[in-house]
Every structure is written in C-alpha cells, then in structure tokens.
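Colleague: I've got a model open and I'd like to learn how to read its side-chain features. Could you walk me through them?

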Amino acid sequence: MNKYFCAVLAAAAMLAASAASAVSLDMVRYNRANALKAQAELTSFLATHTVTNKRVETFDKYKAWNGKTGTINPRHTQVGSFTPQGTTGSGKSSVNGGTGLQVRHDNSMRWGRYNSNTPARNIVGNNWLDSNDNKTMRWRVKGDGKFNTVAFLLTDIADVGGKFSIKVGNTVFSDLSKGRRLKNGNIHFVVITLDEAVDSISIRLRHDKANDGFGIDTAMVANVAPVPLPPAAALLISGVAAIGGLRYRRRRAAEPAAA
C-alpha cells in the first residue's frame, strides 16, 4: 500500500469522524413587530417533520420576578437545566442583583425581552427565561429519551453591540449577528440539528460582553425527521432523476473517444 493511498484513507477516516459529529444551526430573524411570524416558523417546522420524544418548555409554570422574588436558574425544566456563566449582570435591566438567570413576565420592559409563545395575547403575558444581563447562559439539554433537534425562540441579541455566539457541544457558531448591532426586541427562531440522536448535550448562549441581555422561550427538544414524500411525488422525483441520468449517459456516449 503506497503512501498516497494511505493518506487518502486517513483523510477519508477524518472526514467520516467529523461527519459523525456534525451539528447544523439555522436562524430566522424578525423584528418585534413581526414576532408572530417567528412563532409561525415553529408551527411550519413541526408541520413538515415527523416529531417524536417532544418536550417543550415555556417557563410559564415557574414563578416570575415580582419585584422581590422569583425563579432563578431553573434546573428541572422539561428540556434540561439552565445556569449562568461568566460575568454577572449589572445593567439597568438586571434584577435581584444580577445573580442568576431570571424567569420574567414584565413584557412592557423597554429592554427588548418578552414572552414569545402566546399569540392570542399578542406576545404580552406569561413568562420567558431572561439572561438577566449575565454574559452567558449555559443550557444542559435533556429530553424524553434520545433527541436530534433543539429549537427555541431567542429575543434581543446583539442590540447593545455585543457579539453573540452559540456553542453546541464542541461546535461554536460565532458572531451570529455578523458584526451588526441589531434592533431592540429582535426575535429569532433557532433550530439546532444533530447528525445523531443523543441523550443530552450542552449548549452555551453567549455575548462577548456583559449587560447585553437576551431571553429564550418555547424551548423544544425532540427527535425529528422530514415528513416522507407521498408515493406519487417520490416516483416523480425518481423519474426526473432517471431521465437526467439517461441524457447524461447518451451525451457521454456521443462524445468522441480520446486519441
């Protein structure tokens, strides 16, 4: 076996290993005025996929900050545990001394975070989980059995000039606002897809500086697969592919042989 062939095999093995642990992340951004469209993205996603082992957390069962007390760092949610990391929040929107992630429901706050799972109330009322101006939110994701997809609504990132990143396992998606300062109250529908189903995984949501707060809501963990095509549609696609292949073979056959 020559050195070239060995190198090819080694490269193929490395590609296979990296592919086995691949993670993809998709984000669709809207302004606050179009928050209902972000919710519609989740509805559309669920309608076009087969979903099993689904767990959803809206944080509505937890006591929200009432000016004196409220739930911090929820650890036993439907989708895992949430804890802060890094610099403690001290901005004007932080409460309770900025000591932890805070469940909130003060939707009239002018800082741009709000409940985002209640269309009937026009996004006003009920709870969300707020970073409380902490630099990093660490989410240890767990669901009901194995899962390959994590989806959630994310509000108010990068509107004070911070660069926002999401780390999934060992994969980092950095500067998701692409260096731009986004509008106050922006909302994103985020979908993280794993190549292989897992029992748990760590996700880190992070600004590169403190006091650029954000919130998450309607967090979903599930095992997801695309909805199979109807037999007629699958037959049509395979037929088109076969015709394309036949045309390619005919064209190749008509080419003169090399001298």
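Modeller: Let's start with a network of salt bridges, which links Arg113, Asp130, Asp133 and Asp156. This is a predicted model, so local features need pLDDT of at least 70 and side-chain atom pairs count only at pLDDT 80 or more, while totals for chains, interfaces and linings use all residues. Residues are numbered from 1 along each chain as its sequence is written, and side-chain values use heavy atoms, with hydrogens and water left out.

Colleague: What counts as a salt bridge?

Modeller: Side chains of opposite charge can pair when their charged atoms come close. The rule is a side-chain nitrogen of Lys or Arg within 4 Å of a carboxyl oxygen of Asp or Glu. Here that gives 5 salt bridges.

Colleague: How far apart are the closest N and O atoms of Arg113 and Asp130?

Modeller: They are 2.8 Å apart. The two residues sit 17 residues apart in the chain, with Arg113 in the loop between S4 and strand S5 (128–130) and Asp130 in S5 itself. Strands here are DSSP runs (E, at least two residues), numbered from the N terminus. Arg113 also bridges to Asp133, with 3.8 Å between the closest N and O atoms. Asp133 lies in the loop between S5 and strand S6 (136–155), so this second pair ties together parts that are 20 residues apart in sequence.

Colleague: Are Arg113 and Asp133 buried or exposed?

Modeller: Both are buried, and Asp130 is buried as well. Buried means under 20% relative accessible area, exposed means over 50%, and partly exposed is in between (1.4 Å probe, protein chains only). For another setting, look at Asp199 and Lys146, which meet in a salt bridge at 3.3 Å, N to O. Asp199 is partly exposed because its relative accessibility is 45%, and Lys146 is partly exposed at 43%.

Colleague: Which residues does Gln102 contact, leaving aside its neighbours within four places in sequence?

Modeller: Contact means heavy atoms within 4.5 Å. Asp130 is one of the residues that Gln102 touches, and the list also includes Trp65, Thr71, Trp128 and Asn132. Gln102 is in strand S4 (residues 102–104), and it counts as buried because its relative accessible area is 0%. A polar atom of its side chain lies 3.1 Å from the backbone oxygen of Thr71.

Colleague: On to the rings. How many aromatic pairs are there?

Modeller: A pair of aromatic rings is described by the distance of the centres and the angle of the planes. Rings of Phe, Tyr and Trp (its six-membered ring) pair if their centres lie within 6.5 Å; planes under 30 degrees apart count as stacked, over 60 as edge-to-face and the rest as tilted. The count is 5 aromatic pairs. One of them joins Phe59 and Phe82, edge-to-face, at 5.6 Å centre to centre with 70° between the planes. Phe59 lies in the loop between strand S2 (49–57) and strand S3 (80–85) and Phe82 in S3, so the pair ties together parts that are 23 residues apart in sequence.

Colleague: Why is the pair of Phe82 and Trp139 called stacked?

Modeller: The ring centres of Phe82 and Trp139 are 5.0 Å apart and the planes are at 25°, so the pair is stacked. It links S3 to S6, 57 residues apart. Phe82 is buried at 0% relative accessibility, and Trp139 is also buried, at 0%. Phe59, Phe82, Trp139 and Phe152 form one aromatic cluster.

Colleague: And the nonpolar core: which residues have the most contacts inside the largest one?

Modeller: In soluble globular proteins, nonpolar side chains tend to be buried together. A nonpolar core is a set of buried Ala, Val, Leu, Ile, Met, Phe, Trp, Tyr and Cys residues joined through side-chain atoms within 4.5 Å. The largest has 35 residues, and those with the most contacts inside it are Trp139, Phe152, Ile166, Ile192, Ile203 and Ile216. S6 gives the most to this core, with 7 residues. Ile192 touches residues including Val23, Leu25, Phe152, Ile166 and Ile203, not counting residues up to four places away in sequence.

Conventions: Helix = DSSP H or I, 4+ residues; strand = E, 2+ residues; numbered from the N terminus. Polar contact = N/O pair within 3.5 Å; in protein donor to acceptor, adjacent residues only side chain to side chain.
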